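Q: I'm new to this one. Can you walk me through how the chains meet?

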Amino acid sequence: MMLEKRERSLLGLASIVIGFLFIVLLKTQGSAGSQVTRQETAVPSLIQTEQENQQISTDNERIQQELTKYAQGQSASTLAEQQLQEAQMNAGMIAVVGPGVQITLDDSKRAAVGQEDPSSFLIHEQYIREIFNALWNGGAEAVAVNGQRVTTNTEVFCGGSYIQINGTRQMPPYVIEAIGDTNNLSSALRFYGWDKLGDFQQQYGITRKLEVLKEATIPAGKLRDYHYAEPVKEGT
Amino acid sequence: MHHWKRSLALPVTMVAIALGFLISLQAQTQKNVSAAEQISAERMSQMKLVLSNSQDQNTKLQEEHRVLLEQLDAARKKVGTDPQLLDRLKQLQILEGTQEVTGPGIQISIDDRNKNVLFPLGTDDIARMINTLKFAGAEAISINGQRIVVTTAIVLSGSSTILVNQVPINRAEGIPYELDAIGDQDTLLDYYSKLEAPGLKKYGMTVSIVRKTLIIPSYKGAYTFKQAKPVSS
């Protein structure tokens, strides 16, 4: 198609204007997007710092209180004894008693038939870990499973036909006990994994039982030796 | 008067329509964007102010914390506490996590921002990795600066914020996740690289593990016992 000169220049001009507008449009759209992300990244770091500040403040207060005791000239041995007692309690090295909950998990008595997945009939180590997590989240003060006190170093690891906990072999049924506010503990258990276990109970016959205990007794854990980690010496 | 070719009428009309549409769209977005930009800039500057205040306070508190611990150490020494008892206390404090520790270990960096990653690293993944490190005999563990202790819960808040010890650990800058573990480097490296790294890599994440002398911070939260009472023996 042959165009006259005037027509050609008209079309060319229009194309240039359109192209220009497109680019401006894309740019404004893009800058609007990046504004949002920049702001969104600032929020988590703020919350993070604020939370940490609060934690350090609490800890500073605790140390201050301890220093005050020293300044008041309390007997050194009494104070050291108190501290040791406190640290043992925190670390889970003392048997404790109190109100709590008991959760029983057990493999199904029924075997898988046909298309059913055999693993749905068993209690897996992940369920135990999920329940621990929920219990701590609900403010548990002490937790044990099959008489093994859960401490900072406790592993819940699948060893095939058994589950390794604190280096010991544990077999089903798994009885988890936790001391704490029973209402908080019970409501903390209402999470996805717990409901899923309820479904497995109905479909495959595993056991998932929750009982509220007026008094649960949780044994002391074992203190381990540390070969690699050393306290960071302050100010030296 | 100039005579227009018929064949040109259609393209020119189309161009005119497109042009009109674009101009109106452009005017609209420009208006929206400049308004949004203004609000956003105001918010940003406020946010930055609050954040820098908060960070200043953090530095101050950290310093205060360090000085207080120093004083405490000195006070304990002054009253002549039995060194054996102090050793046991240190050991217990490593276990409860209130003691900052240093030692050989491995540092694991995980990046899940890759486009191929369908599901970013979740709370279950973090819990499983920590469990594996415990199984490998780790003596102290932290993730993004939060010490893992017995009461540590790892939970999701909202759609993507991960809380560890009730503190959000998501990072705005750098590698999203950094997992530190002190212990036997060979065992830690062996277990982690065999049991955990392949799965994450399969999902498109970038995982790097280095041997390092680490400093793992103390747990800053508090243990409270309201219901649990020591069993009197």
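A: What follows is a short chat about the interface.

A: This is a predicted model, in which local features need pLDDT of at least 70 and side-chain atom pairs count only at pLDDT 80 or more, while totals for chains, interfaces and linings use all residues. Residues are numbered from 1 along each chain as its sequence is written, chains are lettered from A and ligands numbered from 1 in the order in which they are written, and side-chain values use heavy atoms, with hydrogens and water left out.

Q: How many residues of chain B are in contact with chain A?

A: 98 residues of chain B touch 93 residues of chain A, where contact means heavy atoms within 4.5 Å.

Q: And what area is buried between them?

A: About 9300 Å², with carbon and sulfur atoms giving 63%. Buried area is the accessible area (1.4 Å probe) that two parts lose on being put together, summed over both.

Q: Which residues form the salt bridge?

A: The count between the chains is one: B:E139 with A:R224, whose closest N and O atoms are 3.7 Å apart. The rule asks for a side-chain nitrogen of Lys or Arg within 4 Å of a carboxyl oxygen of Asp or Glu.

Q: What classes of residue make up chain B's side?

A: The side of chain B that touches chain A has 47 nonpolar, 32 polar and 19 charged residues. Ala, Val, Leu, Ile, Met, Phe, Trp, Tyr, Cys and Pro count as nonpolar, Asp, Glu, Lys and Arg as charged, and the others, Gly among them, as polar.
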